[in-house]
Amino acid sequence: MLVLIHKECGGPALEESPVGEVCAIPVDRFPFPCFTCLEEIVDESEVRLSEELGI
């Protein structure tokens, strides 16, 4: 599963990522608070995609 990671704090940007298995960032959801640090994420340059293995 793909997860949105907030570049500044390194934690998950959303509680549950709507990204799923597609490689698209949900740009219609900006701005939103980071799930981990609560800092406002204003655009896609502040996040990255990471693959979570779920082991």
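Tutor: The accessible surface of the protein comes to about 3,800 Å², and 54% of this area belongs to carbon and sulfur atoms. Areas are computed by the Shrake-Rupley method with a 1.4 Å probe, and for residues only the protein chains shown count as cover. The model is predicted, so local features need pLDDT of at least 70 and side-chain atom pairs count only at pLDDT 80 or more, while totals for chains, interfaces and linings use all residues. Residues are numbered from 1 along each chain as its sequence is written, and side-chain values use heavy atoms, with hydrogens and water left out.

Of the 55 residues of the protein, 31% count as buried. Buried means under 20% relative accessible area, exposed means over 50%, and partly exposed is in between, with a 1.4 Å probe and protein chains only. The protein has 0 helices and 4 strands, and along the sequence the pattern reads β-β-β-β. Both kinds of element are DSSP runs numbered from the N terminus: helices are H or I of at least four residues, and strands are E of at least two. Among contacts in the protein with a separation of 6 or more, 40% are between residues 24 or more positions apart; a contact means heavy atoms within 4.5 Å.

Cys34 is buried, because its relative accessible area is 0%. Leaving aside neighbours within four places in sequence, Cys34 is in contact with His6, Cys9, Pro12, Ala13, Glu39 and Ile41.

Next, the cysteine contact. A search of the whole structure finds 0 disulfides, a disulfide being a pair of cysteine sulfur atoms within 2.5 Å. Cys9 is in no disulfide, and the nearest cysteine sulfur, that of Cys34, is 3.8 Å away. Cys34 is likewise in no disulfide, with the sulfur of Cys9 as the nearest cysteine sulfur at 3.8 Å. Cys9 counts as partly exposed because its relative accessibility is 35%.

Strand 1 pairs with strand 4 (residues 47-51) in the antiparallel sense over 5 bridges; a pair of strands requires at least two DSSP bridges between them. The bridge partner of Leu2 in strand 4 is Glu51.

The two phenylalanines of the core come next. The count of aromatic pairs comes to 1. Phe30 and Phe32 have ring centres 5.3 Å apart and planes at 35°, so the pair is tilted. Rings of Phe, Tyr and Trp (its six-membered ring) pair if their centres lie within 6.5 Å; planes under 30 degrees apart count as stacked, over 60 as edge-to-face, and the rest as tilted. Phe30 is buried because its relative accessibility is 15%, and Phe32 is buried at a relative accessible area of 7%. The peptide bond from Phe30 to Pro31 is cis, with omega near -10°. Pro31 lies in the loop between strand 1 and strand 2 (32-33).

That leaves Glu39, which lies in the loop between strand 2 and strand 3. Glu39 counts as partly exposed because its relative accessibility is 31%. Leaving aside neighbours within four places, the contacts of Glu39 are His6, Glu8, Phe32, Pro33, Cys34 and Glu46. Glu39 and Glu8 are 31 residues apart along the chain, and their C-alpha atoms are separated by 9.3 Å. Leu38 also lies in the loop between strand 2 and strand 3 (40-41). Leu38 is not a glycine, although it has a positive phi of about 70°. Leu38 is exposed, because its relative accessible area is 65%. From Leu38 to Cys9 the C-alpha distance is 9.9 Å, for residues 29 apart in sequence.
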